[in-house]
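Q: Hi! Could you walk me through this one before I set anything up?
A: Happy to, let's have a look together.

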Amino acid sequence: MLLAIAWRNVWRNKRRTIITVSSIFFAVLLALFMRSLQTGSYENMIRNSVELYSGYIQVHRKGYWEDKSINRMLRVTDTLDTRLASTPGVTFYIPRLETFVLAASNEISKGVMVIGTSPQEEDRMTHLSGKVVNGAYFSDSTHGVLVSEGLAGYLGLGVNDTIVMIGQGYHGANAVDKYPIQGILHFSNPQANDNTIYAPLKLLQQFTGAPDLCTALAVSIDDLKHLDRVKRHLTSVLGERYEVMDWKEMQPELVQAIQSDNAGGIILLGILYLVIAFGIFGTVMMMSMERRREFGVMVAVGMQKRALSLMVVMETCIIGLLGLMASLVMGIFLLLYMYHHPIPLTGNAALAMRDMGIEPLIRFSLDPVIFTSQMLAITVIMFVCLLYPLWNISRLNAITALRH
Amino acid sequence: MIAAISWRNIWRNKWRSIVIIMAITAGLTGGIFTVAIYNGLAEQKLRTAIDTQTAHLQMHASGFQENMDIRLYLHDADRMLAVAGAQPGVQAVAGRLIATGMAASANSNIGIRLNGIVPEKEKAISTIYQSLVEGDYFQNEKRNQVLISSRTAKKLKVGLNGKVVVTLQDLNGDIVGAAFRVGGIFKTTHTGFDETNVFVLKRDLERILSMDGIVNEIAIRASDIEAVPGVQRRLQETFPPKETQVESWRELQPELAYINDVTWQVNYLILVIILLALAFGILNTMLMAIFERVREIGVLMAVGMSKARIFSMIILETVFLSLTGAALGMVISAWLVSTLGTSGIDLSAFAQGLEAFGYSSMIYPQLEPLFYLTLACMVVIAALLSSLYPAYKALELNPVEAIHG
Amino acid sequence: MSIINVIGVGKVYNPETIPVHALTAVNLEFRKGEFTAIVGPSGCGKTTLLNMIGGLDYPTSGNVIINDTDLSTLTSKQLIRFRLHNIGFVFQDYSLLPVLTARENTEFIMQLQKRSKKEYRERSTALLTEVGLADRLDTFPRKLSGGQQQRVAVARALAAKPQFVLADEPTANLDSRSTTELLDIMLRLNREEHITFIFSTHDQRVIEKARRVIRLEDGKVIQSGEMKEGQ
């Protein structure tokens, strides 16, 4: 019965209810859109910089990450291999050797990153073979390298041309050699596209004079949810000689950039919700102020204040739920569409994103948290707005209310 | 008279009016403050980029920018420097010699961009000399000194006076190398810039490359950012584009220009969203105010108040209500912005992330006075729009029915 | 059998600032089956007295005892519960819940009392038929005339099966025909169902129909009247 009365009370002032409900609808839909866009961009950023290269977990010789020195390398011993392979959650790992070299053609040169890797594993994790636009992917035994598109263009080299690499070998030895270009790679991240060479691990180990050594093991895990567990386990089984880092430690700037951008978005939504909350509060306040006498009658004829409060709570919840449901339904459809149709960016916006190393695509996320947090926000607003009428009812005096 | 009635009407239902005024005040304060922070960040980023990286304008030989090919230098640099320096609106000019290569220490090696500079000229262009955290800005006349960023120092594991071997290609494509000592360590807010740029004396670089008196970049500082387009146009007219490329900071860092432009679009979008949310509240409040006064409006109509007057009474009431809230919000945020604009907000907790994108960890919110005027106009427009429906509803009333209803 | 005992009841409003003595040392006794009018000029204390008897307000001094319950010993929560089960109210402005139909307004009280659906359905129909609104069961108050609304209010007051019904100026807003209709219904209920009615009024015609008249002046009972036998 209370629910029926509450429902009818909500519709006593139809216009007011509709305006209030649509303000909630507007705010929640906007919030869903914004959060989905932001979360989607972060996921995109993380995917671009983590999944497509560093992996979620890496193992190095202790201290390597700090100075990236080629002298701090690790050897993949049988024990290390067994320990890694037997860690639950670890699917496989890529041994890599990374170093900086001066890449040169006959005429010009450029300082670039060269990555020695195991071709099969690399392809399994980062789908490197899919990035070959010219020539062919390599194998363990290839005597040749893959050069990124931008670099090849800069050096004026193509497939089967020879590239010179000048660098520093293990323990300060000089390393100079030339290799045929096996293939050209295209990366959407411009930084990678302009500055990367991939070589089979063996080849680069020969180049640097460090047989059997590598600088990092990029670990692939079965599920991102197991990240912390895998990391903890690896840290404990590998011991003091190694460092186990997750992507958050390896890319603190990415994490913080996301955090600060995220904070900005949340603050804006906070302001939006504050404004909406005032609107809801105004409605709820008027609903109880207009009906003081009616409340008085209800108490006089024998309705407990608890029941009366419950009725008011129901009224507010109905308004909140209507707005929330309408916007969630609409939001799910909108976001599903946006999720499957990311917006490609052009012009300066694209340049700005490329500069930050992100593919210029606005992606949307369907993370359930986006939905639940809006529900939570509206619920909190509803209950804060309810404080006034509930307080009003609690000090309601039948006599004074009746005299109204 | 109508204005007075409208104003008093607002205060008849005091609490309802106060709620909506508070909503407007809070919404606008939040909005203005957010905008001030974004604006402050963008300005700061732009200023830092111009001061430490691009200067206002740069001139290169055509084609140099694509690959920084050392063979493409400015053939008539002395005359160009003189001409550019004499342009009205130009404050300072400096010639640079730029080369790319690799820097290596005993521990590690990285790709770098070497900026060969003449310190006394460069000081008028770039504020890098103010960003030193250790050492000095080529104060002693020692040979082969290099300024590196603290990030590079960390990567190479070198400190002040540490040895860095630089490898690069000379005009003939031969690889040449030279050992430098770290004379100073700088730190700007842009990690990307810090990671790639090192500074050496131009004459040292010339000697290593066996080039003399070569300039491949002219950096120009204008008296004011507004003067840049004029200077750029005149220089482009003077030097044929076939040989010389004159670029302003907008072309040098298109993404910066984009961020600068888009910041204002985003700022206005934020305000429009907040105003839209507020409009719901205003609309609701005014509708309630009208429906409470149906009888009274009927009486006013019956005694001969024209529909136009009733319409303007309601619109005025809405505008007064909104402007009261807006005025409060603007006063509060103007105070906040001016206070925090001087003292700054310390965001060092997020510093690393912000700096990766070229922002400083101290934020100084700032706004042009003109902005408040624009915003006031936007509030009036929002108020007008949200008063239309209630005013229209009031006009629909039939005086007789209204009085008896 | 006395159901209400008002013993030395006084009520002072604003005791700290400007004390207003609304009631002074009122002693009254009401019996089952009374049909009593409380009369007197405006501000004589009629409404205050009804509020005291109805347990809407606590007296400053004295006691109101209904059956064996001293109202001043009840907490406000208990008082609400007591009102629900013992007292029916009729207000001057009908005070029906605008969102409920005539039937629902009547059933509302019984639902608060947690009666079964079958019971309140039957009883609401019976009561509304009794007050002559059998054809208006599902009509909302705004579609009913003032007289009809007040009859629904009477039905609502009776729905709780109260010990007595308090009515504060029940006919003040009604025209003379509706007034007569309402009084006839109340008298019939009093006669046939022995419902106790206590009401305040100004209206001479209503006073004439009362079987007992209590006259108040300046918060004091100046005539407490005797029950007249049925007319």
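**A helix and its surroundings**

A: Let's begin with α5(C): 13 of its 14 residues are buried, so this helix is largely enclosed by the rest of the structure. One thing to keep in mind is that this is a predicted model.

Q: Okay, which residues make up α5 of chain C, and how far does the helix reach?
A: Helix α5 of chain C covers residues 146–159 and reaches 20 Å from its first C-alpha to its last, close to the 20 Å expected at 1.5 Å a residue.

Q: What comes just after α5(C)?
A: K161(C) does, and its phi is positive, at about 50°.

Q: And what does α5(C) pack on?
A: Let me start with the sheet itself. It is an open one of six strands in chain C, ordered β6-β7-β8-β3-β9-β10, with mixed pairing. The edges are β6 (87–90) and β10 (220–223) of chain C, each of which pairs on one side only. On average, neighbouring strands of this sheet are turned by 25° against each other, ignoring direction. α5(C) packs on the sheet and touches β6 and β7 of chain C, and its direction makes about 170° with that of β6(C).

Q: Do β7 and β8 of chain C run parallel or antiparallel?
A: Parallel: β7 (residues 164–168) and β8 (residues 196–200) of chain C are joined by five bridges. As a landmark, L166(C) in this region stands opposite I198(C) in β8(C).

Q: Switching topic: how many residues of chain A are in contact with chain B?
A: 56 residues of chain A are in contact with 54 residues of chain B. On the chain A side, at least two residues each come from α2 (14–54), β3 (90–104), β4 (109–117), β7 (162–168), α11 (252–289) and α14 (347–355).

Q: Which of those supplies the largest share?
A: That is α11(A), with 21 residues of the side of chain A that touches chain B.

Q: And how do the residues on that side divide into nonpolar, polar and charged?
A: The side of chain A that touches chain B has 29 nonpolar, 19 polar and eight charged residues.

Q: What about chain B by itself, how many helices and strands are there?
A: Chain B has 16 helices and 12 strands. Its radius of gyration is 31 Å, well over the 22 Å that the globule rule gives for 405 residues, so chain B is more spread out than a compact globule. The C-alpha trace of chain B spans about 100 × 45 × 30 Å along its principal axes.

Q: What share of chain B is buried?
A: Buried residues account for 46% of the 405 residues in chain B. As for contacts in chain B between residues at least 6 apart in sequence, 81% of them join residues at least 24 apart.

Q: Back to backbone angles: which residue of chain A has a positive phi although it is not a glycine?
A: H127(A) is one of these, with a phi of about 50°. H127(A) lies in the loop between α5 (119–126) and β5 (132–135) of chain A. With 11 C-beta neighbours inside 10 Å, H127(A) counts as exposed.

Q: And in chain B, where is N161(B) found?
A: N161(B) is in the loop between α6 (150–156) and β6 (163–169) of chain B. N161(B) is not a glycine either, yet its phi is positive at about 70°.

Q: Is N161(B) buried or exposed?
A: Exposed: N161(B) has 10 other C-beta atoms within 10 Å.

Note on methods
Residues are numbered from 1 along each chain as its sequence is written. Chains are lettered from A and ligands numbered from 1 in the order in which they are written. This is a predicted model: local features need pLDDT of at least 70, side-chain atom pairs count only at pLDDT 80 or more; totals for chains, interfaces and linings use all residues. Helices (H or I, at least four residues) and strands (E, at least two) are DSSP runs, numbered from the N terminus. The expected span of a helix is 1.5 Å times one less than its number of residues. A residue is buried if 20 or more other C-beta atoms lie within 10 Å of its own, exposed if 12 or fewer, and partly exposed in between; C-beta atoms are placed from the backbone. Two residues are in contact if their C-beta atoms, placed from the backbone, lie within 7 Å. Ala, Val, Leu, Ile, Met, Phe, Trp, Tyr, Cys and Pro count as nonpolar, Asp, Glu, Lys and Arg as charged, and the others, Gly among them, as polar. The radius of gyration is taken over C-alpha atoms; the globule rule is 2.2 Å times the number of residues to the power 0.38. Two strands pair if DSSP finds at least two bridges between them. Axes are lines fitted to C-alpha atoms, for helices over the stretch in contact, and angles run from 0 to 180 degrees between N-to-C directions.
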